[in-house]
Amino acid sequence: MTEKTDAHLPPQRRTAGALLIAGPAIFLLGEFIAAAAWTDPAYSYTHHFISNLGVHGPSTLFGQYMYSPLAWVMNTGFLLFGITILAGVATLRDLSGGRRWATLVPATLLAAGGVLLALFPGSGEALENGTGEFHSMGAFAGFIGANTLALVLGSRRRRIGISPRMGAALIAVGVIGLLSTTLYLAMIFTAGDTPIGVIGLIERGAVHPFLIGLICAGASIWQRQTVNAPTARSITAGQAA
């Protein structure tokens, strides 16, 4: 029984690592493609909301004009990235019991947030017809789920097979993301319809550190298991002999 489990562990870990890389990559690629297509006027990563990329428009919200020719690309990214990350977390079978639920809950919250963002774009019209509330719920779920997940994975770094430095980096990413989320929400509530010059940068502070951190963690999981797989097999063979 032990021999069979050890034989299947490295491929399973590589799958988890690949999914944890793919999820953030889907988001970043969708964001880049949609932003590149927004040319009149050019999309600003510093000024514009991320959600604007999912609004075909034309529309206006919080003083920002929105017209995203490839809105479907961003919405597809919203839909897939959280689900892919959830699949990667679920594949980390080294976590069991309470440890497993501690990762699955924020990952599920993140996935649900991505689905809501994709299905309910945050346009000015959405704010008027009530569907904007679902978009806001999705954004909040994504911010909290993602950065809580980073904190949990960082604190469980031994169980998921990443280095102490990578674990500390994930915890730092989670803290930065939650602080950025707090600042972002404070600016939204106090600004009203007044355009905020750096709101896009602040919002990305709640999102991009997590995405980059998870890509690095996924790569670490994939690489470490690839390197250690022969050692695990040799130990098992020695015990059997």
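**View 1. The residues of the largest cavity's lining divide into 12 nonpolar, five polar and one charged.** Here Ala, Val, Leu, Ile, Met, Phe, Trp, Tyr, Cys and Pro count as nonpolar, Asp, Glu, Lys and Arg as charged, and the others, Gly among them, as polar. This is a predicted model, in which local features need pLDDT of at least 70 and side-chain atom pairs count only at pLDDT 80 or more, while totals for chains, interfaces and linings use all residues. Residues are numbered from 1 along each chain as its sequence is written, and side-chain values use heavy atoms, with hydrogens and water left out.

**View 2. The largest cavity has a volume of about 170 Å³.** Of its 18 lining residues, Phe-27, Phe-81, Leu-117, Phe-143 and Val-207 are the closest to its centre. On a 1 Å grid over the protein atoms alone, a cavity is a set of points where a 1.4 Å probe fits but cannot get out, a pocket is an open set with protein on both sides within 12 Å along at least five of seven lines, and lining residues have an atom within 4 Å of a point. At least two lining residues of this cavity come from each of α2 (71-91), α3 (98-119) and α5, with α5 giving the most, five residues; helices are DSSP runs (H or I, at least four residues) numbered from the N terminus.

**View 3. The largest pocket holds about 480 Å³ of space.** Among the 23 residues lining this pocket, Phe-62, His-135, Ser-136, Tyr-184 and Ile-188 are the closest to its centre. A volume is the space filled by probe spheres set on the grid points, which are joined across faces, edges and corners. To the lining of the largest pocket, α5 gives the most, with six residues.
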